[in-house]
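Work through the exercises below with the sequence and coordinates open beside you. Each task is followed by a solution that goes step by step.

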Amino acid sequence: MPVKIAIASQKGGVGKSSCARLIAREFADAGWKVKIADMDIQQGTSFHWCKERAANEILPEIRTETFASIKQALKDADNFDLFIMDGAPAASAATREMAKAADIVLLPTGLSNDDLRPQVLLGHELIKAGVGADKLFFVLWRVGDSDAEIQDAREYITKAGYRVLSGEVPDRTLYRRASDRGKAFTETTSASLNQRADKVVQSIVSAIEKISKRRAA
């Protein structure tokens, strides 16, 4: 039975696809059979990233496919150990359907109220639609260098009733350059940036391990 991760956002530009690609790369590197279902058929950000990765012969290879519907995407889920749904921007019925089908829902966000407020509202909407609050995890993405600002964002999310994963991914040119070459955020030329991205991944690993233990019980 696959672990299914949904990555959702109320708006574009919060790091949803780069988060999906980071998780996919790390689990594939650990020997998991992984697929990204790119639900944004217009932009296909993750799909085109995988094509670039394949063209540059970067390993591990990661399977990606675009899908017009969650129902269609899920037909392929059982063929993989980890199935990542990279949702289209803007909350929709498809977003709610994707979140209900997932074991974990990640909500990446920046630090400004313009980023935080829509994602918290999306969390509220998903819970109202019947998604368990225990599935929802916020991820701090594209952050600046202010520790105080990071802490304020964590408090904002926590006060809204949600959990925030450990670690955060800063906004850096080397991350963008890596993505342009079909690489994940743990495959940059900077060891320190790779470590910061890996810290977020390890938080996700911990959440998945808890799911696996519940299933085995």
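This is a predicted model: local features need pLDDT of at least 70, side-chain atom pairs count only at pLDDT 80 or more; totals for chains, interfaces and linings use all residues.

**Exercise 1.** At what angle do helix α1 and helix α2 pack, and how far apart are their axes?

Residues are numbered from 1 along each chain as its sequence is written, and side-chain values use heavy atoms, with hydrogens and water left out.

*Solution.* Helix α1 covers residues 16-29 and helix α2 covers residues 45-55; they pack at an angle of about 45°, with their axes 9 Å apart. Helices (H or I, at least four residues) and strands (E, at least two) are DSSP runs numbered from the N terminus, and axes are lines fitted to C-alpha atoms, for helices over the stretch in contact, with angles from 0 to 180 degrees between N-to-C directions. The two helices are therefore oblique to each other, given that angles under 35 degrees count as roughly parallel, over 145 as roughly antiparallel, 65 to 115 as roughly perpendicular and the rest as oblique. The residues in contact (heavy atoms within 4.5 Å) are Ser17, Ala20, Arg21 and Arg25 of α1 and Thr45, Ser46, Trp49 and Arg53 of α2. These residues divide into two nonpolar, three polar and three charged, where Ala, Val, Leu, Ile, Met, Phe, Trp, Tyr, Cys and Pro count as nonpolar, Asp, Glu, Lys and Arg as charged, and the others, Gly among them, as polar.

**Exercise 2.** Within what distance do the axes of helix α5 and helix α6 come, and at what angle do they cross?

*Solution.* The axes of α5 (residues 113-128) and α6 (residues 147-159) come within 11 Å and cross at roughly 20°, which makes α5 roughly parallel to α6. On the α5 side the contact is made by Asn113, Leu116, Arg117 and Val120, and on the α6 side by Ala153, Tyr156 and Ile157. Sorted by class, the contact residues come to five nonpolar, one polar and one charged.

**Exercise 3.** In what order do the seven strands lie in the open sheet, and what packs on it?

*Solution.* The order is β3-β2-β4-β1-β5-β6-β7, with parallel pairing; two strands pair if DSSP finds at least two bridges between them. The edge strands, each pairing on one side only, are β3 (63-66) and β7 (163-170). Neighbouring strands are turned by 20° against each other on average, direction ignored. Between β1 (residues 3-7) and β4 (residues 82-86), which run parallel, there are five bridges, and Ile5 has Ile84 as its bridge partner in β4. Helix α4 (residues 93-101) packs on the sheet and touches β1, β4 and β5 (104-109), its direction making about 150° with that of β1. Helix α8 (residues 191-216) also packs on the sheet, touching β1, β4, β5, β6 (136-143) and β7, and its direction makes about 155° with that of β7.

**Exercise 4.** Which residues does the cis peptide bond join, and where is Pro60 placed?

*Solution.* The cis bond joins Leu59 and Pro60, with omega about 0°, and Pro60 lies in the loop between α2 and β3. Glu57 is likewise placed in the loop between α2 and β3; its phi is near 55°, a positive value in a residue other than glycine.
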